[in-house]
Every structure is written in structure tokens, then in C-alpha cells.
Amino acid sequence: MMGPMRPVIVAGNWKMQTTPADAGELAATIARRTNEPDVVRVLCPPFVCLAAVRDALLAEPAGRDVAVGAQNVHHELAGAYTGEVSAPMLEGLATWAIVGHSERRRDAGETDALINQKVRRARDAGLHLILCVGEQLADREAGRAAAVVTAQVRGCLEGVEPPSPALDGRALWLTIAYEPVWAIGTGRTARGGDAAEMTSTIRHTLGGLGFAARGEAVPVLYGGSVTSATIDEFLAETSIDGALVGGASLKPDEMAGIVARAALTARSRGSQPSS
Ligand code: PEP
């Protein structure tokens with residue numbers, strides 16, 4: 001039986017790069033170079049660049065369909081949390097948010113339990129979420145990759161209800177990015193077949209958590225040193241629905257190549273870009 005139709009998504013994580021002075025121009029250039037209506041495109045600049053990117057995309061005819069995302073949200077709504085940004089504060093600035101990125105797990109000590117709270121806050125604020133999971137190299141070498149990722153998905157989503165049962169299975173409230181930590185920013189990628197195996201593990205886990213259609217409605221992206229030269233291997237796998245791109249997402253030529261390849265996949269799968 002065919003699973004629910006999933007969109008093809010290319011999301012760019014700019015990390016701690018760009019400034020309010022240059023981010024808008026970069027976003028507009030990427031929008032022009034990736035003008036493919038069949039692909040969901042999301043740009044995630046630093047918090048301080050969200051307004052500049054939003055404004056530049058609104059002013060650029062090719063930018064209207066490009067969504068803006070935050071790279072993180074806080075697990076509380078408001079309070080004495082110096083330097084933090086909560087999900088409701090993003091209203092009008094971003095419609096997507098990344099949570100659980102491995103760099104935040106590493107540098108900010110984020111745990112699955114904390115990320116679970118962030119998921120709830122982002123979902124309640126109506127944000128589209130990209131939840132990142134992925135194993136360390138030692139886990140993969142020890143044959144523990146599937147167990148680690150399964151535990152992450154469970155820990156980050158246990159008890160999290162979708163916004164309403166009617167939305168589960170159709171709306172794009174949750175996307176998962178499988179990002180093996182050893183492939184992020186290293187120039188080393190997973191093999192397409194291994195990544196596809198992990199997407200199956202992820203959807204199996206979602207099914208066990210009660211997600212509609214046994215998790216088949218949830219898009220799963222691959223992330224880890226994706227470039228225009230490596231994206232093909234991942235999109236050739238029917239279970240992989242696009243990419244979360246770090247370093248290459250700052251390069252318009254790279255994004256043009258990645259999104260052009262994603263558009264071919266979207267058209268051949270008959271994917272619908274809207275949520
Ligand atoms: C990321 O930041 O999520 C990422 C995958 O980075 P890179 O593409 O640079 O490995």
C-alpha cells in the first residue's frame with residue numbers, strides 16, 4: 001500500500017554565520033537561484049538575521065514561497081532566561097524551527113527530555129519543526145546507531161500529541177532530520193542505503209509512538225555534508241524526503257544544484273509542496 005504523499009524539503013541551516021547587513025541579500029539570491037515551486041524551501045539564519053531575511057524574501061518575487069526558520073527555541077514561554085528566545089517570540093519572524101541539533105546537544109548540553117519540551121513549545125506556537133537526531137561515530141562503529149536514534153526519537157517525542165488528530169498525517173508540523181554526527185561539517189557523508197535504513201527505523205519508532213499512518217506521513221531528511229555533488233545518493237532513496245544542509249546552504253550555486261535535484265525528485269514522486 002502507498003504511504004501518504006510527503007513533500008520534498010530542502011532546509012538551509014546557516015548556523016552562526018551572516019549578519020543583519022548581509023543575510024537579506026544572500027536569502028534573496030538563494031530564492032532566485034532555487035525558484036522551484038515543487039520543493040519546500042526553508043532558510044534558517046541566526047536569530048538576529050530573521051527579520052532581515054523575512055523582509056528580503058517578501059521583497060523578492062521569487063522569495064515569497066521560501067519559508068524562514070529559527071535554529072532553536074527555548075523550552076519555556078518566557079522568564080528569567082538571559083540570552084534565550086522562546087517559540088511565541090518568533091511570531092511574524094519565522095514559521096519553522098530546528099530543534100535538537102547535534103551542535104546544541106554538544107555545546108548547550110541539550111538532552112532528549114529538554115528537546116521534548118522544546119518540541120511541545122514549538123508545536124503549540126504553530127511552528128513547523130525540524131527535529132534532529134543522529135548517532136556518534138562510536139555508536140555506528142559499535143553497531144548501536146539504530147538503537148541510539150530510536151532512543152532519541154522516543155525521548156524527544158514521547159507523549160507529544162500532534163496539534164489535533166485531524167492534522168496528524170496531513171499537516172507538516174513535524175519533520176525529522178537524520179543527521180549522523182560524524183557527517184556534520186566533516187565532508188564525510190553517510191551512504192544512501194544506510195541513511196535510508198535509518199529513516200525506516202525512525203518511521204517504525206514514530207509508528208510505535210502512535211503517529212498516524214505508522215509514521216509514513218512524517219518527512220525525514222538526511223543531513224551531513226550534503227552538497228550538490230552528494231544530494232543525489234540520498235534523494236535516490238524513496239524514504240528520504242530531502243536534506244538539511246549546513247555549510248553548502250550559504251553558497252547560492254550549491255543551493256541551486258541541490259534544489260534543482262530535489263525538484264526532479266518531487267516531480268517524479270508527485271509530491272505536493274504545501275502542508
Ligand atoms: C547541519 O548543520 O545540520 C549540517 C548538516 O551541516 P553540514 O551540511 O555542514 O554538514
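The largest pocket is lined by 24 residues, and Arg64, Asp65, Val66, Ala67 and Thr95 lie nearest its centre. The model is a predicted one: local features need pLDDT of at least 70, side-chain atom pairs count only at pLDDT 80 or more, and totals for chains, interfaces and linings use all residues. Residues are numbered from 1 along each chain as its sequence is written, and side-chain values use heavy atoms, with hydrogens and water left out.

A pocket here is an open set of points on a 1 Å grid over the protein atoms alone, where a 1.4 Å probe fits, with protein on both sides within 12 Å along at least five of seven lines; lining residues have an atom within 4 Å of a point. The volume of the largest pocket is about 470 Å³. Volume means the space filled by probe spheres set on the points, which are joined across faces, edges and corners.

Three elements each give at least two residues to this lining: strand 2 (39-44), helix 2 (50-59) and strand 3 (66-70). Helices (H or I, at least four residues) and strands (E, at least two) are DSSP runs, numbered from the N terminus. The lining of the largest pocket has 13 nonpolar, six polar and five charged residues. Ala, Val, Leu, Ile, Met, Phe, Trp, Tyr, Cys and Pro count as nonpolar; Asp, Glu, Lys and Arg as charged; the others, Gly among them, as polar.

The second largest pocket has a volume of about 400 Å³. Its lining has 14 residues, with Lys15, Met16, Gln71, Glu103 and Arg104 nearest the centre. Helix 3 (residues 102-107) supplies the largest share, four residues. By class, this lining holds five nonpolar, four polar and five charged residues.

Now the aromatic rings. Rings of Phe, Tyr and Trp (its six-membered ring) pair if their centres lie within 6.5 Å; planes under 30 degrees apart count as stacked, over 60 as edge-to-face and the rest as tilted. The count comes to three aromatic pairs. Trp173 and Phe211 are stacked because their ring centres are 6.2 Å apart and their planes at 10 degrees. This pair links distant parts of the chain, 38 residues apart: Trp173 sits in the loop between helix 6 (145-157) and strand 6 (174-178), Phe211 in the loop between helix 7 (192-208) and strand 7 (220-223). Both Trp173 and Phe211 are buried (under 20% relative accessible area, 1.4 Å probe, protein chains only).

Tyr222 and Phe234 are also a stacked pair, at 3.9 Å centre to centre and 5 degrees between the planes. Tyr222 lies in strand 7 and Phe234 in helix 8 (residues 231-235), 12 residues apart. Both Tyr222 and Phe234 are buried. Ring pairs join Tyr178, Tyr222 and Phe234 into a cluster.

Definitions and conventions
Buried means under 20% relative accessible area, exposed over 50%, partly exposed in between (1.4 Å probe, protein chains only).
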